[in-house]
Amino acid sequence: MEDKLIVRPEIALDQFLPIFVESTLVLVFGVAYAAVITLSKMGYFSKRWMPIGYLFWALQTYFLYDFAVLIQSNHFTLKVLMVTMVVYLFVPHLYFYLIDESERRYEDTD
């Protein structure tokens, strides 16, 4: 039986800090996006803050793409990450839409 060897390109040691910083920024901007959109939808922030949330999403997407390039991801992985980011753009809106619809539906039964 032959053992298969997967050869991955080595990540340069001088790229450790940029990779670490960019992966941290992906997390920070992702949390900021979710927080701003959630607080705007809940009424704690004005709806005027939502474009800032979308800016955080755009920054997160950019840094995720750059991070994937730095760690030398293949093209399929890059496409999956970008599709995931598009889905992440709509998930908070879907969540609050479902909550609103369920409140309207079960409001009369109380």
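Which residues do ring pairs link into a cluster? I looked this up first. Ring pairs join Phe-29, Phe-56, Tyr-62 and Phe-63 into a cluster.

I note that this is a predicted model, where local features need pLDDT of at least 70 and side-chain atom pairs count only at pLDDT 80 or more, while totals for chains, interfaces and linings use all residues. Residues are numbered from 1 along each chain as its sequence is written, and side-chain values use heavy atoms, with hydrogens and water left out.

**Entry: aromatic pairs**

I took rings of Phe, Tyr and Trp (its six-membered ring) as paired if their centres lie within 6.5 Å; planes under 30 degrees apart are stacked, over 60 edge-to-face, and the rest tilted. By this rule I have seven aromatic pairs. One of them is Phe-29 with Phe-56, which is stacked, at 6.0 Å centre to centre and 25° between the planes. Phe-29 belongs to helix H1 (residues 16–42) and Phe-56 to helix H2 (residues 50–70), so this pair ties together parts 27 residues apart in sequence. Helices here are DSSP runs (H or I, at least four residues), numbered from the N terminus.

For burial I used relative accessible area: under 20% is buried, over 50% exposed, and in between partly exposed (1.4 Å probe, protein chains only). Phe-29 is buried at 14%, whereas Phe-56 is partly exposed at 21%.

I then looked at Tyr-95 and Phe-96. Tyr-95 is exposed, with 52% relative accessibility, and Phe-96 is buried, with 12%.

**Entry: H1 against H2**

I next checked how H1 and H2 pack. The angle is about 155° and the axes are 8 Å apart. Axes are lines fitted to C-alpha atoms, for helices over the stretch in contact, and angles run from 0 to 180 degrees between N-to-C directions. H1 and H2 are therefore roughly antiparallel (under 35 degrees is roughly parallel, over 145 roughly antiparallel, 65 to 115 roughly perpendicular, the rest oblique).

**Entry: salt bridge**

I counted a salt bridge where a side-chain nitrogen of Lys or Arg is within 4 Å of a carboxyl oxygen of Asp or Glu. The structure holds one. Arg-104 and Glu-101 form the bridge, with the closest N and O atoms 2.6 Å apart. Both residues lie in helix H3 (residues 75–107), three residues apart, about one turn of the helix. Arg-104 is exposed at 53% relative accessibility; Glu-101 is partly exposed at 31%.

How values were computed. Helix = DSSP H or I, 4+ residues; strand = E, 2+ residues; numbered from the N terminus.
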